[in-house]
Amino acid sequence: MSDSRIVVGIAAVYLVACLVIGMLPGRRASDSAEGYVAGDRTLGPLVMFFITGATIFSAFAFLGMPGKAYSQGAWAFMVLAYGAFGFIPFYFLGPRAARLGREYGFVTQGQMVAHRFHSLPIPGVMALISAGAFVPYLAIQIKGAGYVLNSMTQGAVSEQVGGAIVYGVVLVYVLKSGVLGVGWTNTFQGIFMMVLAWAMGLYLPYALYGGVGEMFRRIAEERPELLRAPGLGPDGAQGSWGEYTSAVIVTSIGFSAWPHLFMKAFTARSEATIRRTVVLYPIFSIFLVPILLIGFSGVLFEPAPAQADQVLPHMLMSIELSPWIVGLFCAGALAASMSSGDAIVHACSSILVRDGWITALGRKLDTHAERRLIRYLIVVLLGASYGLAFHYEGSLFDLLLYAYGPVVQFMPAVVAALYIRRATGPGVLAGLVVGVSVNILFAVCPDLRPFALHAGLYGFVANVAALALVSAVTRREIDGEERYLAVAAGDDVREPSS
Amino acid sequence: MIRREQEPAWPRVAFACYLGVCACALVWPGYALAGDRIEPFVLGLPFAFAWTIGWVLAAFLGLLVFHGLAGPKDRG
(Lines give C-alpha, C1' and ligand atoms only; values in the text may rest on other atoms or scores of the structure.)
Protein backbone atom coordinates (compact mmCIF):
# COMPACT_ATOMS: atom_id res chain seq x y z
CA MET A 1 0.00 0.00 0.00
CA SER A 2 1.43 3.44 -0.88
CA ASP A 3 2.18 6.01 1.84
CA SER A 4 -0.54 8.43 0.84
CA ARG A 5 -3.13 5.61 0.81
CA ILE A 6 -2.16 4.66 4.36
CA VAL A 7 -2.49 8.30 5.51
CA VAL A 8 -5.87 8.77 3.87
CA GLY A 9 -7.00 5.29 4.99
CA ILE A 10 -6.30 6.13 8.66
CA ALA A 11 -8.23 9.39 8.38
CA ALA A 12 -11.14 7.54 6.72
CA VAL A 13 -11.23 4.90 9.49
CA TYR A 14 -11.14 7.69 12.04
CA LEU A 15 -14.06 9.55 10.45
CA VAL A 16 -16.14 6.34 10.39
CA ALA A 17 -15.30 5.71 14.08
CA CYS A 18 -16.50 9.25 14.95
CA LEU A 19 -19.67 8.65 13.01
CA VAL A 20 -20.44 5.38 14.83
CA ILE A 21 -19.62 6.76 18.30
CA GLY A 22 -21.57 9.94 17.61
CA MET A 23 -24.68 8.18 16.37
CA LEU A 24 -25.06 5.54 19.10
CA PRO A 25 -26.23 7.91 21.90
CA GLY A 26 -29.08 9.13 19.71
CA ARG A 27 -30.90 5.94 20.61
CA ARG A 28 -30.78 6.72 24.32
CA ALA A 29 -31.79 10.40 24.52
CA SER A 30 -35.49 11.14 24.79
CA ASP A 31 -37.22 12.25 21.60
CA SER A 32 -37.89 15.74 23.01
CA ALA A 33 -36.21 19.06 22.25
CA GLU A 34 -34.78 18.95 25.80
CA GLY A 35 -33.24 15.55 25.07
CA TYR A 36 -31.73 16.89 21.87
CA VAL A 37 -30.54 20.24 23.28
CA ALA A 38 -29.73 19.44 26.92
CA GLY A 39 -29.18 15.67 26.79
CA ASP A 40 -31.98 15.25 29.36
CA ARG A 41 -29.50 16.83 31.88
CA THR A 42 -27.55 13.58 32.24
CA LEU A 43 -23.94 14.40 31.33
CA GLY A 44 -21.43 13.07 33.87
CA PRO A 45 -17.99 14.47 34.82
CA LEU A 46 -15.91 12.67 32.16
CA VAL A 47 -18.07 13.78 29.23
CA MET A 48 -18.47 17.29 30.69
CA PHE A 49 -14.70 17.60 31.01
CA PHE A 50 -14.06 16.72 27.39
CA ILE A 51 -17.04 18.56 25.93
CA THR A 52 -15.84 21.81 27.57
CA GLY A 53 -12.22 20.99 26.75
CA ALA A 54 -13.15 20.79 23.10
CA THR A 55 -13.88 24.51 23.17
CA ILE A 56 -10.15 25.18 23.56
CA PHE A 57 -8.81 22.14 21.70
CA SER A 58 -10.18 23.23 18.36
CA ALA A 59 -8.72 23.57 14.88
CA PHE A 60 -7.49 26.88 16.23
CA ALA A 61 -5.38 25.02 18.83
CA PHE A 62 -3.96 22.43 16.43
CA LEU A 63 -3.35 24.79 13.50
CA GLY A 64 -3.73 28.40 14.70
CA MET A 65 -1.52 28.07 17.79
CA PRO A 66 1.45 26.44 16.05
CA GLY A 67 1.00 29.07 13.34
CA LYS A 68 1.09 31.86 15.92
CA ALA A 69 4.13 30.43 17.76
CA TYR A 70 5.87 30.00 14.41
CA SER A 71 5.18 33.54 13.17
CA GLN A 72 4.82 35.65 16.35
CA GLY A 73 6.65 33.60 19.00
CA ALA A 74 5.80 34.41 22.63
CA TRP A 75 2.54 36.10 21.61
CA ALA A 76 1.06 32.59 21.49
CA PHE A 77 1.67 32.16 25.27
CA MET A 78 -1.48 34.20 25.87
CA VAL A 79 -3.52 31.09 25.14
CA LEU A 80 -2.02 29.34 28.18
CA ALA A 81 -2.94 32.36 30.33
CA TYR A 82 -6.55 32.60 29.27
CA GLY A 83 -6.92 28.82 29.23
CA ALA A 84 -5.93 28.78 32.91
CA PHE A 85 -8.03 31.73 34.11
CA GLY A 86 -10.88 31.86 31.64
CA PHE A 87 -12.94 29.06 33.11
CA ILE A 88 -12.62 30.08 36.78
CA PRO A 89 -15.66 32.44 36.71
CA PHE A 90 -17.67 29.41 35.64
CA TYR A 91 -16.92 27.79 39.01
CA PHE A 92 -19.32 30.35 40.47
CA LEU A 93 -21.62 31.04 37.51
CA GLY A 94 -22.06 27.44 36.31
CA PRO A 95 -23.71 25.94 39.42
CA ARG A 96 -26.05 28.96 39.67
CA ALA A 97 -27.04 28.49 36.03
CA ALA A 98 -27.54 24.74 36.56
CA ARG A 99 -29.85 25.31 39.58
CA LEU A 100 -31.92 27.81 37.61
CA GLY A 101 -32.01 25.47 34.61
CA ARG A 102 -33.39 22.64 36.72
CA GLU A 103 -35.93 24.88 38.48
CA TYR A 104 -37.23 26.81 35.46
CA GLY A 105 -36.39 24.44 32.57
CA PHE A 106 -33.85 26.69 30.81
CA VAL A 107 -31.65 25.23 28.11
CA THR A 108 -29.99 28.46 26.90
CA GLN A 109 -28.16 31.40 28.44
CA GLY A 110 -30.58 33.88 26.83
CA GLN A 111 -33.61 32.21 28.44
CA MET A 112 -31.90 32.48 31.81
CA VAL A 113 -31.24 36.22 31.49
CA ALA A 114 -34.63 36.94 29.92
CA HIS A 115 -36.54 35.21 32.72
CA ARG A 116 -34.84 37.26 35.43
CA PHE A 117 -35.79 40.56 33.76
CA HIS A 118 -39.03 39.51 32.00
CA SER A 119 -37.52 40.90 28.82
CA LEU A 120 -38.26 39.58 25.33
CA PRO A 121 -35.72 41.71 23.38
CA ILE A 122 -32.74 40.56 25.49
CA PRO A 123 -32.66 36.92 24.27
CA GLY A 124 -33.26 38.10 20.70
CA VAL A 125 -30.27 40.47 20.89
CA MET A 126 -28.16 37.76 22.56
CA ALA A 127 -29.10 35.26 19.84
CA LEU A 128 -27.98 37.68 17.12
CA ILE A 129 -24.69 38.43 18.91
CA SER A 130 -24.15 34.68 19.39
CA ALA A 131 -24.60 34.00 15.69
CA GLY A 132 -22.18 36.83 14.90
CA ALA A 133 -19.52 35.18 17.07
CA PHE A 134 -20.28 31.52 16.33
CA VAL A 135 -20.27 31.62 12.53
CA PRO A 136 -16.63 32.87 12.29
CA TYR A 137 -15.64 30.38 15.00
CA LEU A 138 -17.24 27.56 13.04
CA ALA A 139 -15.55 28.83 9.88
CA ILE A 140 -12.17 28.39 11.66
CA GLN A 141 -12.96 24.72 12.22
CA ILE A 142 -14.10 24.06 8.64
CA LYS A 143 -11.12 25.88 7.18
CA GLY A 144 -8.78 23.92 9.48
CA ALA A 145 -10.30 20.60 8.41
CA GLY A 146 -9.84 21.68 4.78
CA TYR A 147 -6.14 22.49 5.41
CA VAL A 148 -5.56 19.07 6.92
CA LEU A 149 -7.23 16.97 4.22
CA ASN A 150 -5.57 19.08 1.53
CA SER A 151 -2.11 18.56 3.05
CA MET A 152 -2.51 14.86 3.78
CA THR A 153 -3.60 14.10 0.23
CA GLN A 154 -0.79 16.33 -1.08
CA GLY A 155 -3.26 18.58 -2.86
CA ALA A 156 -5.33 15.79 -4.45
CA VAL A 157 -8.33 16.87 -2.32
CA SER A 158 -8.84 20.63 -2.36
CA GLU A 159 -9.38 22.54 0.90
CA GLN A 160 -12.99 23.18 -0.09
CA VAL A 161 -13.76 19.49 -0.76
CA GLY A 162 -11.85 18.45 2.39
CA GLY A 163 -13.90 20.82 4.55
CA ALA A 164 -17.10 19.54 2.94
CA ILE A 165 -16.23 15.84 3.56
CA VAL A 166 -15.32 16.32 7.24
CA TYR A 167 -18.31 18.52 8.00
CA GLY A 168 -20.59 16.14 6.14
CA VAL A 169 -19.71 13.56 8.81
CA VAL A 170 -20.28 16.12 11.59
CA LEU A 171 -23.64 17.02 10.08
CA VAL A 172 -24.82 13.41 10.14
CA TYR A 173 -24.04 12.66 13.78
CA VAL A 174 -25.16 16.04 15.15
CA LEU A 175 -28.48 15.73 13.30
CA LYS A 176 -28.95 12.22 14.62
CA SER A 177 -27.85 12.48 18.25
CA GLY A 178 -27.86 16.13 19.35
CA VAL A 179 -25.79 17.00 22.38
CA LEU A 180 -25.21 13.41 23.54
CA GLY A 181 -23.58 12.58 20.22
CA VAL A 182 -21.41 15.67 20.59
CA GLY A 183 -20.42 14.66 24.14
CA TRP A 184 -19.28 11.12 23.37
CA THR A 185 -17.38 12.03 20.22
CA ASN A 186 -15.66 14.85 22.14
CA THR A 187 -14.55 12.39 24.82
CA PHE A 188 -13.14 9.99 22.24
CA GLN A 189 -11.52 12.82 20.27
CA GLY A 190 -10.18 14.58 23.39
CA ILE A 191 -8.25 11.52 24.60
CA PHE A 192 -6.96 10.91 21.09
CA MET A 193 -5.77 14.53 20.70
CA MET A 194 -4.00 14.68 24.06
CA VAL A 195 -1.95 11.56 23.31
CA LEU A 196 -1.03 12.83 19.84
CA ALA A 197 -0.22 16.38 20.97
CA TRP A 198 2.34 15.15 23.49
CA ALA A 199 3.78 12.55 21.14
CA MET A 200 4.32 15.04 18.30
CA GLY A 201 5.25 17.99 20.53
CA LEU A 202 8.16 16.01 21.93
CA TYR A 203 8.99 14.08 18.75
CA LEU A 204 9.32 16.99 16.28
CA PRO A 205 11.87 19.04 18.33
CA TYR A 206 13.82 15.82 18.92
CA ALA A 207 13.74 14.74 15.25
CA LEU A 208 14.59 18.20 13.86
CA TYR A 209 16.96 19.64 16.51
CA GLY A 210 17.94 16.84 18.87
CA GLY A 211 15.63 17.93 21.71
CA VAL A 212 13.47 20.73 23.11
CA GLY A 213 16.37 22.50 24.87
CA GLU A 214 18.54 22.43 21.76
CA MET A 215 15.66 23.74 19.64
CA PHE A 216 15.17 26.78 21.89
CA ARG A 217 18.92 27.42 22.11
CA ARG A 218 19.09 27.62 18.33
CA ILE A 219 16.04 29.88 18.14
CA ALA A 220 17.59 32.08 20.88
CA GLU A 221 20.70 32.47 18.71
CA GLU A 222 18.97 33.05 15.37
CA ARG A 223 15.54 34.55 16.23
CA PRO A 224 15.74 35.76 19.88
CA GLU A 225 12.92 38.28 19.36
CA LEU A 226 10.45 35.34 19.19
CA LEU A 227 11.29 34.23 22.74
CA ARG A 228 10.88 37.63 24.47
CA ALA A 229 7.42 38.56 25.80
CA PRO A 230 5.04 39.67 24.42
CA GLY A 231 6.37 38.30 21.13
CA LEU A 232 5.86 39.93 17.76
CA GLY A 233 2.85 41.74 16.33
CA PRO A 234 1.11 40.59 13.14
CA ASP A 235 3.40 42.94 11.15
CA GLY A 236 6.54 41.22 12.47
CA ALA A 237 7.55 44.22 14.65
CA GLN A 238 7.85 44.02 18.47
CA GLY A 239 4.39 43.32 19.94
CA SER A 240 2.58 45.82 22.18
CA TRP A 241 2.05 45.04 25.89
CA GLY A 242 -1.29 46.88 25.71
CA GLU A 243 -2.58 44.62 22.92
CA TYR A 244 -1.27 41.49 24.66
CA THR A 245 -2.60 42.35 28.12
CA SER A 246 -6.00 43.49 26.85
CA ALA A 247 -6.31 40.37 24.67
CA VAL A 248 -5.63 38.16 27.72
CA ILE A 249 -8.21 40.12 29.77
CA VAL A 250 -10.90 39.98 27.07
CA THR A 251 -10.41 36.27 26.36
CA SER A 252 -10.23 35.39 30.08
CA ILE A 253 -13.49 37.21 30.83
CA GLY A 254 -15.15 36.13 27.60
CA PHE A 255 -14.25 32.46 27.93
CA SER A 256 -16.85 31.76 30.62
CA ALA A 257 -19.47 33.78 28.74
CA TRP A 258 -19.66 31.60 25.62
CA PRO A 259 -23.31 30.60 25.28
CA HIS A 260 -22.46 26.98 24.50
CA LEU A 261 -20.62 26.66 27.83
CA PHE A 262 -23.80 27.71 29.62
CA MET A 263 -25.72 25.17 27.64
CA LYS A 264 -23.29 22.58 28.98
CA ALA A 265 -24.09 23.73 32.54
CA PHE A 266 -27.73 22.94 31.77
CA THR A 267 -26.75 19.48 30.49
CA ALA A 268 -24.74 18.58 33.62
CA ARG A 269 -26.00 15.88 35.94
CA SER A 270 -25.10 17.89 39.07
CA GLU A 271 -23.42 21.05 40.34
CA ALA A 272 -20.51 18.96 41.60
CA THR A 273 -19.92 17.85 38.01
CA ILE A 274 -19.57 21.48 36.91
CA ARG A 275 -17.22 22.40 39.76
CA ARG A 276 -15.01 19.38 39.16
CA THR A 277 -14.88 20.21 35.44
CA VAL A 278 -13.72 23.77 36.19
CA VAL A 279 -11.13 22.63 38.74
CA LEU A 280 -9.62 20.14 36.30
CA TYR A 281 -9.89 22.40 33.27
CA PRO A 282 -6.39 23.97 33.48
CA ILE A 283 -5.10 20.49 32.56
CA PHE A 284 -6.23 21.35 29.03
CA SER A 285 -4.02 24.45 29.18
CA ILE A 286 -1.02 22.33 30.08
CA PHE A 287 -1.83 20.05 27.16
CA LEU A 288 -1.43 23.06 24.89
CA VAL A 289 2.29 23.29 25.75
CA PRO A 290 3.39 20.56 23.28
CA ILE A 291 1.32 22.23 20.58
CA LEU A 292 3.38 25.39 21.09
CA LEU A 293 6.53 23.27 20.84
CA ILE A 294 5.31 22.04 17.45
CA GLY A 295 4.96 25.66 16.29
CA PHE A 296 8.44 26.63 17.54
CA SER A 297 9.92 23.58 15.83
CA GLY A 298 8.85 25.15 12.51
CA VAL A 299 10.74 28.44 13.08
CA LEU A 300 14.03 27.26 11.53
CA PHE A 301 12.44 24.62 9.31
CA GLU A 302 13.11 24.78 5.57
CA PRO A 303 11.23 25.10 3.29
CA ALA A 304 8.87 27.56 5.02
CA PRO A 305 5.11 26.94 4.68
CA ALA A 306 3.02 29.10 2.36
CA GLN A 307 0.90 30.25 5.33
CA ALA A 308 1.76 30.25 9.05
CA ASP A 309 -1.42 28.28 9.90
CA GLN A 310 -0.24 25.43 7.67
CA VAL A 311 3.08 24.96 9.48
CA LEU A 312 2.05 21.74 11.19
CA PRO A 313 0.63 19.79 8.22
CA HIS A 314 3.42 21.27 6.07
CA MET A 315 6.15 19.89 8.36
CA LEU A 316 4.44 16.53 8.73
CA MET A 317 4.30 16.06 4.98
CA SER A 318 7.85 17.38 4.40
CA ILE A 319 9.84 15.22 6.81
CA GLU A 320 10.48 11.49 6.60
CA LEU A 321 7.84 10.17 8.96
CA SER A 322 6.02 6.86 8.96
CA PRO A 323 2.74 7.30 7.06
CA TRP A 324 1.00 5.67 10.04
CA ILE A 325 2.17 8.52 12.31
CA VAL A 326 1.24 11.18 9.75
CA GLY A 327 -2.18 9.57 9.33
CA LEU A 328 -2.80 9.45 13.07
CA PHE A 329 -1.76 13.05 13.54
CA CYS A 330 -3.90 14.29 10.69
CA ALA A 331 -6.80 12.38 12.26
CA GLY A 332 -5.99 14.18 15.55
CA ALA A 333 -6.16 17.56 13.82
CA LEU A 334 -9.50 16.53 12.29
CA ALA A 335 -10.64 15.55 15.79
CA ALA A 336 -9.74 19.02 17.05
CA SER A 337 -11.73 20.65 14.30
CA MET A 338 -14.73 18.33 14.57
CA SER A 339 -15.00 18.29 18.36
CA SER A 340 -15.37 22.07 18.45
CA GLY A 341 -17.36 22.42 15.25
CA ASP A 342 -20.05 19.94 16.29
CA ALA A 343 -20.58 21.61 19.70
CA ILE A 344 -20.68 25.09 18.16
CA VAL A 345 -23.16 24.36 15.39
CA HIS A 346 -25.42 22.48 17.80
CA ALA A 347 -25.35 25.33 20.31
CA CYS A 348 -25.84 28.12 17.79
CA SER A 349 -28.88 26.58 16.11
CA SER A 350 -30.46 25.75 19.48
CA ILE A 351 -29.93 29.35 20.63
CA LEU A 352 -31.41 30.87 17.47
CA VAL A 353 -34.53 28.70 17.78
CA ARG A 354 -35.05 28.93 21.56
CA ASP A 355 -33.99 32.53 22.16
CA GLY A 356 -34.71 34.13 18.80
CA TRP A 357 -37.70 32.29 17.32
CA ILE A 358 -39.54 31.10 20.43
CA THR A 359 -38.69 33.57 23.23
CA ALA A 360 -38.04 36.89 21.47
CA LEU A 361 -40.52 36.51 18.60
CA GLY A 362 -43.06 34.63 20.71
CA ARG A 363 -43.66 31.81 18.19
CA LYS A 364 -45.15 28.60 19.57
CA LEU A 365 -43.58 25.28 18.57
CA ASP A 366 -44.28 21.79 19.86
CA THR A 367 -41.25 19.79 20.90
CA HIS A 368 -40.93 17.86 17.62
CA ALA A 369 -41.30 20.98 15.49
CA GLU A 370 -38.62 22.68 17.59
CA ARG A 371 -36.25 19.77 17.18
CA ARG A 372 -36.91 19.80 13.41
CA LEU A 373 -36.27 23.55 13.16
CA ILE A 374 -32.99 23.20 15.09
CA ARG A 375 -31.90 20.55 12.57
CA TYR A 376 -32.77 22.75 9.58
CA LEU A 377 -30.77 25.58 11.10
CA ILE A 378 -27.77 23.29 11.64
CA VAL A 379 -27.67 22.73 7.89
CA VAL A 380 -28.05 26.48 7.20
CA LEU A 381 -25.34 27.48 9.68
CA LEU A 382 -22.89 24.93 8.37
CA GLY A 383 -23.54 26.23 4.86
CA ALA A 384 -22.99 29.87 5.91
CA SER A 385 -19.83 29.02 7.83
CA TYR A 386 -18.53 26.97 4.94
CA GLY A 387 -19.00 29.97 2.65
CA LEU A 388 -17.17 32.28 5.08
CA ALA A 389 -14.36 29.76 5.64
CA PHE A 390 -13.26 29.82 2.06
CA HIS A 391 -13.60 33.58 1.59
CA TYR A 392 -11.60 34.57 4.70
CA GLU A 393 -7.85 34.84 4.15
CA GLY A 394 -6.50 36.03 7.53
CA SER A 395 -5.04 33.89 10.36
CA LEU A 396 -7.16 31.51 12.43
CA PHE A 397 -5.81 33.05 15.65
CA ASP A 398 -6.87 36.60 14.72
CA LEU A 399 -10.33 35.37 13.75
CA LEU A 400 -10.66 33.82 17.21
CA LEU A 401 -9.63 37.07 18.93
CA TYR A 402 -12.19 38.90 16.82
CA ALA A 403 -14.93 36.45 17.94
CA TYR A 404 -14.16 37.20 21.61
CA GLY A 405 -15.06 40.90 21.17
CA PRO A 406 -18.83 40.23 20.94
CA VAL A 407 -18.78 37.26 23.33
CA VAL A 408 -17.23 39.18 26.24
CA GLN A 409 -20.26 41.52 26.11
CA PHE A 410 -22.41 38.71 27.54
CA MET A 411 -20.56 38.63 30.85
CA PRO A 412 -22.08 41.81 32.41
CA ALA A 413 -25.58 40.58 31.45
CA VAL A 414 -24.97 37.14 32.98
CA VAL A 415 -23.45 38.51 36.20
CA ALA A 416 -26.30 41.04 36.49
CA ALA A 417 -28.90 38.28 36.07
CA LEU A 418 -27.30 35.90 38.57
CA TYR A 419 -26.04 38.30 41.25
CA ILE A 420 -27.08 41.95 41.02
CA ARG A 421 -30.38 42.86 42.62
CA ARG A 422 -30.35 46.47 41.35
CA ALA A 423 -29.86 45.53 37.68
CA THR A 424 -32.82 46.00 35.33
CA GLY A 425 -33.84 44.65 31.92
CA PRO A 426 -33.42 48.03 30.15
CA GLY A 427 -29.99 48.33 31.80
CA VAL A 428 -28.86 44.92 30.55
CA LEU A 429 -30.24 45.60 27.08
CA ALA A 430 -28.52 49.00 26.92
CA GLY A 431 -25.25 47.41 28.05
CA LEU A 432 -25.41 44.74 25.36
CA VAL A 433 -26.26 47.15 22.55
CA VAL A 434 -23.70 49.80 23.58
CA GLY A 435 -20.97 47.21 24.26
CA VAL A 436 -21.36 45.42 20.95
CA SER A 437 -21.62 48.71 19.04
CA VAL A 438 -18.39 50.06 20.57
CA ASN A 439 -16.66 46.75 19.93
CA ILE A 440 -17.72 46.71 16.28
CA LEU A 441 -16.70 50.35 15.82
CA PHE A 442 -13.16 49.80 17.13
CA ALA A 443 -12.76 46.39 15.48
CA VAL A 444 -13.69 47.84 12.09
CA CYS A 445 -11.82 51.15 12.59
CA PRO A 446 -8.87 50.30 14.88
CA ASP A 447 -7.27 53.71 14.19
CA LEU A 448 -10.07 55.38 16.19
CA ARG A 449 -9.01 53.62 19.42
CA PRO A 450 -7.46 56.07 21.93
CA PHE A 451 -4.93 53.38 22.95
CA ALA A 452 -3.84 50.16 21.23
CA LEU A 453 -6.09 47.83 23.25
CA HIS A 454 -8.42 44.99 22.18
CA ALA A 455 -11.67 46.45 20.80
CA GLY A 456 -13.67 44.10 23.04
CA LEU A 457 -12.22 45.76 26.17
CA TYR A 458 -13.53 49.17 25.13
CA GLY A 459 -16.91 47.57 24.45
CA PHE A 460 -16.85 45.81 27.82
CA VAL A 461 -16.16 49.03 29.76
CA ALA A 462 -18.91 50.87 27.84
CA ASN A 463 -21.24 47.92 28.45
CA VAL A 464 -20.73 47.97 32.24
CA ALA A 465 -21.14 51.76 32.35
CA ALA A 466 -24.39 51.66 30.33
CA LEU A 467 -25.76 48.78 32.41
CA ALA A 468 -25.06 50.62 35.69
CA LEU A 469 -26.38 53.98 34.48
CA VAL A 470 -29.60 52.77 32.85
CA SER A 471 -30.31 50.34 35.71
CA ALA A 472 -29.99 53.21 38.20
CA VAL A 473 -32.64 55.30 36.43
CA THR A 474 -35.04 52.44 35.58
CA ARG A 475 -34.92 50.51 38.87
CA ARG A 476 -38.20 48.93 39.98
CA GLU A 477 -39.26 45.74 41.70
CA ILE A 478 -39.45 42.82 39.25
CA ASP A 479 -41.94 39.98 39.82
CA GLY A 480 -40.30 36.77 40.99
CA GLU A 481 -36.87 38.40 41.28
CA GLU A 482 -36.39 37.44 44.93
CA ARG A 483 -37.15 33.78 44.29
CA TYR A 484 -35.02 33.67 41.12
CA LEU A 485 -31.97 35.01 42.95
CA ALA A 486 -32.60 32.67 45.87
CA VAL A 487 -32.75 29.63 43.56
CA ALA A 488 -29.53 30.80 41.87
CA ALA A 489 -27.81 31.13 45.25
CA GLY A 490 -28.92 27.66 46.33
CA ASP A 491 -31.17 28.92 49.13
CA ASP A 492 -34.03 26.78 50.31
CA VAL A 493 -37.15 28.12 48.55
CA ARG A 494 -39.55 25.29 49.36
CA GLU A 495 -42.87 26.24 50.89
CA PRO A 496 -43.07 24.95 54.50
CA SER A 497 -45.51 22.07 54.82
CA SER A 498 -48.42 22.83 57.16
CA MET B 1 -40.25 31.17 52.43
CA ILE B 2 -36.54 31.60 51.62
CA ARG B 3 -33.93 30.36 54.07
CA ARG B 4 -30.38 31.61 53.68
CA GLU B 5 -27.23 30.21 55.24
CA GLN B 6 -24.23 32.51 55.63
CA GLU B 7 -20.69 31.25 55.16
CA PRO B 8 -17.40 33.00 55.96
CA ALA B 9 -16.13 35.24 53.17
CA TRP B 10 -12.41 34.74 53.80
CA PRO B 11 -11.85 31.81 51.38
CA ARG B 12 -13.35 33.86 48.54
CA VAL B 13 -11.34 36.98 49.44
CA ALA B 14 -8.09 35.04 49.79
CA PHE B 15 -8.72 33.21 46.52
CA ALA B 16 -9.50 36.48 44.69
CA CYS B 17 -6.26 38.06 45.98
CA TYR B 18 -4.24 34.99 45.00
CA LEU B 19 -5.74 34.96 41.49
CA GLY B 20 -5.01 38.68 41.18
CA VAL B 21 -1.33 38.03 41.86
CA CYS B 22 -1.25 35.14 39.34
CA ALA B 23 -3.02 37.27 36.72
CA CYS B 24 -0.63 40.23 37.19
CA ALA B 25 2.30 37.88 36.71
CA LEU B 26 0.98 36.79 33.31
CA VAL B 27 0.34 40.24 31.81
CA TRP B 28 1.78 43.73 32.08
CA PRO B 29 3.30 44.83 34.48
CA GLY B 30 4.30 41.60 36.27
CA TYR B 31 5.28 39.68 33.16
CA ALA B 32 7.16 42.64 31.65
CA LEU B 33 9.12 43.35 34.84
CA ALA B 34 9.98 39.85 36.04
CA GLY B 35 9.24 37.26 33.34
CA ASP B 36 10.42 38.80 30.08
CA ARG B 37 13.80 37.05 29.69
CA ILE B 38 15.17 34.24 27.56
CA GLU B 39 17.68 32.97 30.11
CA PRO B 40 18.02 31.06 32.32
CA PHE B 41 16.49 28.12 30.44
CA VAL B 42 14.21 26.03 32.67
CA LEU B 43 13.90 22.35 31.71
CA GLY B 44 15.02 23.36 28.21
CA LEU B 45 12.38 26.10 27.90
CA PRO B 46 13.18 29.83 27.63
CA PHE B 47 12.44 31.70 30.86
CA ALA B 48 9.45 33.66 29.49
CA PHE B 49 7.79 30.37 28.45
CA ALA B 50 8.59 28.57 31.73
CA TRP B 51 7.33 31.64 33.66
CA THR B 52 3.93 31.39 31.95
CA ILE B 53 3.64 27.65 32.57
CA GLY B 54 4.67 28.12 36.22
CA TRP B 55 1.94 30.69 36.89
CA VAL B 56 -0.66 28.59 35.08
CA LEU B 57 0.26 25.72 37.43
CA ALA B 58 0.13 28.09 40.42
CA ALA B 59 -3.41 29.18 39.46
CA PHE B 60 -4.40 25.52 39.07
CA LEU B 61 -3.07 24.66 42.55
CA GLY B 62 -4.86 27.70 44.02
CA LEU B 63 -8.13 26.54 42.52
CA LEU B 64 -7.61 23.03 43.93
CA VAL B 65 -6.98 24.43 47.42
CA PHE B 66 -9.99 26.77 47.20
CA HIS B 67 -12.19 23.89 46.06
CA GLY B 68 -11.06 21.94 49.10
CA LEU B 69 -11.64 24.82 51.55
CA ALA B 70 -14.83 26.37 50.20
CA GLY B 71 -18.21 25.52 51.64
CA PRO B 72 -21.07 24.46 49.33
CA LYS B 73 -22.47 28.00 49.06
CA ASP B 74 -19.13 29.55 48.18
CA ARG B 75 -18.96 27.10 45.34
CA GLY B 76 -21.90 28.60 43.54
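The contact between the two chains takes 38 residues from chain B and 49 residues from chain A, where contact means heavy atoms within 4.5 Å. This is a predicted model, in which local features need pLDDT of at least 70 and side-chain atom pairs count only at pLDDT 80 or more, while totals for chains, interfaces and linings use all residues. Residues are numbered from 1 along each chain as its sequence is written, chains are lettered from A and ligands numbered from 1 in the order in which they are written, and side-chain values use heavy atoms, with hydrogens and water left out.

The size of an interface is often given as the accessible area lost when the parts come together. Buried area here is the accessible area (1.4 Å probe) that two parts lose on being put together, summed over both. Chain A itself is divided into domain 1 (3-399) and domain 2 (420-476), with bounds from an automatic or database domain assignment. Here are the two interfaces:

| Interface | Buried area | Given by carbon and sulfur atoms |
|---|---|---|
| Chain B and chain A | about 3700 Å² | 71% |
| Domain 1 and domain 2 of chain A | about 1200 Å² | 78% |

Let us look at the chain B and chain A interface. The rule finds 1 salt bridge across it, that is, a side-chain nitrogen of Lys or Arg within 4 Å of a carboxyl oxygen of Asp or Glu. The side chains of Arg228(A) and Asp36(B) form a salt bridge at 2.9 Å, N to O. On the side of chain B that touches chain A, α1 (10-26), α2 (30-35) and α3 (47-69) of chain B each supply at least two residues; helices are DSSP runs (H or I, at least four residues), numbered from the N terminus. The most comes from α3(B), with 12 residues.

Now to the domains of chain A. Their C-alpha centres lie 27 Å apart, and 16 residues of domain 1 are in contact with 16 residues of domain 2. A salt bridge joins the side chains of Glu243(A) and Arg449(A) at 3.4 Å, N to O. On the domain 1 side that touches domain 2, α11(A) gives the largest share, 7 residues.

Two more spots are worth a visit. Helix α3 (residues 45-53) of chain A is largely enclosed by the rest of the structure, because 7 of its 9 residues are buried, meaning under 20% relative accessible area, with exposed over 50% and partly exposed in between (1.4 Å probe, protein chains only). Phe49(A) and Phe50(A) are among them. Val42(B), in the loop between α2 and α3 of chain B, is partly exposed, with a relative accessible area of 33%.
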